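Here is a short briefing on charged residues in one protein. Look at the sequence and the structure, then read the points below.

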Amino acid sequence: KTTAKRWMQTEKAKRIRRNADNLRNSLKRKGIKQPPGTEAGHNVNGSGKNGWEPIAENRAVEKKNKRKLRIT
């Protein structure tokens with residue numbers, strides 16, 4: 001946990017989050033609605049596909065949320 005916390009403070013992590021925020025805002029300004037279960041992927045100024053992408057399956061928080069929603 002502390003390693004992940006420390007990494008979130010690095011310039012690289014901040015740049016990734018900033019790029020995602022910029023892309024999300026740019027897509028919303030263009031009027032492109034966010035489909036459910038997606039997030040902004042890649043840099044708005046980068047090459048390649050930039051838009052709404054499915055939420056990564058390998059994120060611990062997503063798995064945790066799925067477990068919470070599952071009826072036991």
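Predicted model: local features only at pLDDT ≥ 70, side-chain atom pairs only at ≥ 80, totals over all residues.

Residues are numbered from 1 along each chain as its sequence is written, and side-chain values use heavy atoms, leaving out hydrogens and water.

**Salt bridge**
- The count is one salt bridge (a side-chain nitrogen of Lys or Arg within 4 Å of a carboxyl oxygen of Asp or Glu).
- Asp21 pairs with Arg24, and their closest N and O atoms are 2.8 Å apart.
- Both residues, Asp21 and Arg24, sit in helix 2 (residues 11-29), three residues apart, about one turn of the helix. Helices are DSSP runs of H or I with at least four residues, strands are runs of E with at least two, and numbering starts at the N terminus.
- Asp21 is partly exposed at 35% relative accessible area. Buried means under 20%, exposed over 50%, and partly exposed in between, with a 1.4 Å probe and protein chains only.
- Arg24 is also partly exposed, at 29%.

**Buried residue**
- Glu53 belongs to strand 2 (residues 51-54).
- Glu53 is buried, with a relative accessible area of 17%.
- Beyond its neighbours within four places in sequence, Glu53 is in contact with Gly37, Thr38, Glu39, Gly41 and His42 (heavy atoms within 4.5 Å).

**Charged patch**
- Lys12, Lys14, Arg15, Arg17 and Arg18 form a patch of positive charge on the surface. Patch residues have over 30% relative accessible area and no salt bridge, with like charges joined within 9 Å.
- Arg18 lies in helix 2 and is partly exposed at 43%.

Key. Patch = residues over 30% accessible without salt bridge, like charges linked within 9 Å, V, L, I, M, F, W, Y side chains within 5 Å. Areas by Shrake-Rupley, 256 points an atom, 1.4 Å probe, with all protein chains shown as cover. Lys, Arg positive; Asp, Glu negative; His and termini not counted. Charge placed at Lys NZ, Arg CZ, Asp CG, Glu CD.
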